[in-house]
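Good morning, and thank you for coming.

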Amino acid sequence: MATENADSRSVHGMKVLLQLARVHPARWVVTTAVLSLLLALLDMIGVAAMVPLMQLFSTTESQSSVVKVVVDILGTNDPAVLIPAFALCVALLFIVSSALMILFRWWLLGRTTRIGADAATELLRRYALAPYADHRSRNLPDVYRNINDMTTIASNTLLNAVTVVSDAMTLVGICVVLMIASPLVTLFAIALFAGAMVAFQRSLRRRQLRVGEELAAASLDAWAHIMPVLDGFREARLSSSAERFVRGFGEARIRTARANQAYSLLSELPKYLLQIIFILAVAGMAAILFVTGSASDALTVLAIFAAAALRGLPTMTRVSANIGSVRSGTVSLGLLTEAADTLNRSVAHCEAPRSAEPYRGDIVLRSVGFHYPDDPAPVLRDLDMKISEHTTTAIVGASGAGKSTVIDLILGLQQPTSGEITCGGVSINDDVARWYEGLGVVPQDVFLLNDTLEANITYGRPLDDADRALLHEVVRMAQLDSYVRSLANGLKTIVGERGTRLSGGQRQRVGLARALFRRPRVLVLDEATSALDNETEHQITQTLRALHGQITVIIVAHRLSTVRDADKLVFLSDGTVEGEGSFTEVRASTPSFARLVELGELA
Ligand SMILES: Nc1ncnc2c1ncn2[C@@H]1O[C@H](COP(=O)(O)OP(=O)(O)OP(=O)(O)O)[C@@H](O)[C@H]1O
C-alpha cells in the first residue's frame, strides 16, 4: 500500500516536473513509449534471427520458413554461402539496433536533462515573482535545495523511470525468443561483461572528470545568479531586475544540462561499444569455425551466447538498478510537488508595467490598517498620512512603532488589510510595476553583487553615453567620488562577495547612488544613513537639499540631523500617527516625541 502510494506520488511528481518545464506530459509519454517499443522490437528481431542461424548448423530437413526464403533468394542451400550471409545479416541487425539505441539514449538524455533545466528556471522565476509576504515566510535553504538539487534528482528519476519501461519492453521481447534456447550460457556473459566494463570505465575516467569539472563550474554560475534574486529579493523586485537574473540562471543550467548529457552518455557508452564489438567477434568466430570445419554445436552456443549476453543481462541489471533509483527519487519528486503546489496558490508579480504613464502626485494613506498573516494583532490602525509631491517627509517613532511596515506598504511589498494607498489618486497596487518605475529605494542593509562598483550602481543595466554621465553624477551626489578616485581601478573595482570590501557607510552610499541612478520620482531612504559618519551624513543631507522640490523624498531615520530639515515629520506610535507637522511643531505638540528627542533616542 505504502509502495503504491510512493509509486503514485512518483508519477504525480514527474507530471509536475514536466508541467514546470512546460512539456505536455501525455505527448511526451506517448513519444518515448513508441520509440522504446520500436527499439524493443528491433532487439527482439535481432535475437530471433539467431534461431534460423542455429538451424543452419542442425539438420537441413527441419529448416524454418525464413531459411527456406533465403535459400530461394540466394539460389543455393550450400552452408558455405548461407551461414556467412546469415551471420552478416545478424551482425548488421545488431549494429543498426545498437546505433539506434545510442541515438534514442542521446535524445532521451538531452530531453530529460533539458526538462530538469527548464523546470529549475521556472521554479526560480516563480519564487522570484512570488508575493513578498510569501518570500519572507520561506526558509531560503529549502528554496535553494528545491531549485537546484530537487529538480536535478527529479529529472534523473524521470530518465530512470523511462529507462525501466523501455528496458522492460526489451526484456519481454528477448524472453519470448529465449524460450526456445538454453539460458545457461548467460553465466559466461556475466564474467565477460564485468571485466570489459571495468576496462572501458578506466579508459573514460579522465573525460568523465572533465565533464564533472564543467558541471561544478556551471553549478557555481547558477548559484551566483540565484543569490541576487532571492537574498536580494527587494532590490531585484524594486529595480525590476529579477527576469534578467533568471535569464542568467537559465543559461547556466543549460550548460549543466549539456554537461550532464555528455556525462551520462559517457557512462553508458561502454555498454553499447561492447555490444558492437562482441557481436562482431561472434560473427567472425562463426565464420572461422565454419571455414576450419569446426562442430556446428560450437556455433550454436556462440549464437545464443551473443544474443543472451548482449541484450538480456545488461538490460536486466539496468532495470533493477533503475527501479531503486526511481524509488529513492520519490522524496525529491514529493518536495518538488509541494513547492510547485505552494507557488501555484499565489499570484505572480509582473515586472512589466501595464501603462507607461508614470504615477504622479501626492502619496496618500487613507484609513490604512495592517496585520501580518501569522499574527492577527494589528500593527497599523486606521492610519492617515499625506506625503505631498516634491516635498521631504520624515517618518519617525520608537522601535516597533510600525515605520518599516508603513514603508513596506508604500513600496507595495505588502498590501494593507484595510484602507488604501494612492499616488495622484490612483492605488499604487493597481499597477505596482509602474509604481516601481518611479521609485528609488535605499535600504539600511544594501545588497551588493560580487561585481564592480559600477555594476552595483547600475545593477547590471547596459550603459549608453547618457547613462555614463548620469553614473558619474550619482557617484558625486552620493559622496562616493573621492572614494572612487582613491581606487586604482575606480568604478571597475570589484567590491567582493556581498560587498565585503566596503564599509557600512560606503555600502549605504552605493545604495544611494543606485537609487538615484534610476532617476526616481519618489526616493525612499529606510534607515539609509545609519552607518554614515557625521561628515558624510551632512554632505548627503546637502545632496538631498539640492534635490528638494524636484522629487518626493520619504525618510525613515533615527538621526535628528537627518529628519530635522524635513518639510513634514510624521511621528508614529503604536501603529498610528500621533503627531505631524514640522520638527518644531511636533516637538511642541507631541510630548512622547519631545521625550524621545530628550532621551537621545532621536539624536
Ligand atoms: N513578520 C511579522 N509577523 C508578525 N509581526 C511582525 C512581523 N514583522 C514585524 N512585526 C511586528 O510589527 C510591529 C511593527 O514593526 P516594524 O518593524 O514596522 O517597526 P519599526 O517601527 O520599523 O521598528 P524599528 O525601528 O525597530 O525597525 C512590531 O511590533 C513587530 O513586532
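**A tour of the predicted model**

Arg22 is found in the loop between α1 (2-20) and α2 (25-48). The helices I name are DSSP runs of H or I with at least four residues, numbered from the N terminus, and strands would be E runs of at least two. Residues are numbered from 1 along each chain as its sequence is written, and side-chain values use heavy atoms, with hydrogens and water left out.

Most residues other than glycine have a negative phi. Arg22 is exposed, because its relative accessible area is 63%; here exposed means over 50%, buried under 20%, and partly exposed in between, with a 1.4 Å probe and protein chains only.

Ser240 also has a positive phi, of about 50°, and is not a glycine. Ser240 lies in the loop between α9 (233-238) and α10. Is Ser240 buried or exposed? With a relative accessible area of 16%, Ser240 is buried.

α2 has 24 residues and reaches 34 Å from its first C-alpha to its last, close to the 34 Å expected at 1.5 Å a residue. That expected span is 1.5 Å times one less than the number of residues. Among the buried residues of α2 are Pro25, Trp28, Leu39 and Val47.

Helix α18 (residues 504-517) has 14 residues and spans 20 Å from first C-alpha to last, close to the 20 Å expected. How many of the residues of α18 are buried? The number is 13 of its 14 residues, and α18 is thus mostly covered. Just after α18, Arg519 takes a positive phi of about 45°.

Next come the aromatic rings. A search of the whole structure finds seven aromatic pairs. Rings of Phe, Tyr and Trp (its six-membered ring) pair if their centres lie within 6.5 Å; planes under 30 degrees apart count as stacked, over 60 as edge-to-face and the rest as tilted. The rings of Phe245 and Tyr459 have centres 6.0 Å apart and planes at 80°, so this pair is edge-to-face. The pair links distant parts of the chain, 214 residues apart: Phe245 is in helix α10 (residues 242-291), and Tyr459 is in the loop between α15 (453-458) and α16 (465-477). Phe245 counts as buried because its relative accessibility is 12%, and Tyr459 counts as buried at 2%. Elsewhere, ring pairs link Phe571, Phe583 and Phe593 into a cluster.

A ring may also meet a charge. The charged end of Arg434 sits over the ring of Tyr359, 4.4 Å from its centre. The criterion is that NZ of Lys or CZ of Arg is within 6 Å of the ring centre and within 35 degrees of the ring normal.

In the side chain of Lys403, an N or O atom is 2.9 Å from a ligand oxygen, and a polar side-chain atom of Ser404 lies 2.8 Å from an oxygen atom of the ligand. The protein covers 62% of the 630 Å² of accessible area that the ligand has on its own, by the Shrake-Rupley method with a 1.4 Å probe; for residues, only the protein chains shown count as cover.

Finally, consider Asn344, which lies in helix α12 (residues 330-344). Asn344 counts as exposed because its relative accessibility is 52%. Asn344 and Ala130 are 214 residues apart in sequence, with 9.6 Å between their C-alpha atoms. By contrast, Ala80 and Leu463 are 383 residues apart in sequence and 79 Å apart in space, C-alpha to C-alpha.

Definitions and conventions: Predicted model: local features only at pLDDT ≥ 70, side-chain atom pairs only at ≥ 80, totals over all residues. Polar contact = N/O pair within 3.5 Å; in protein donor to acceptor, adjacent residues only side chain to side chain.
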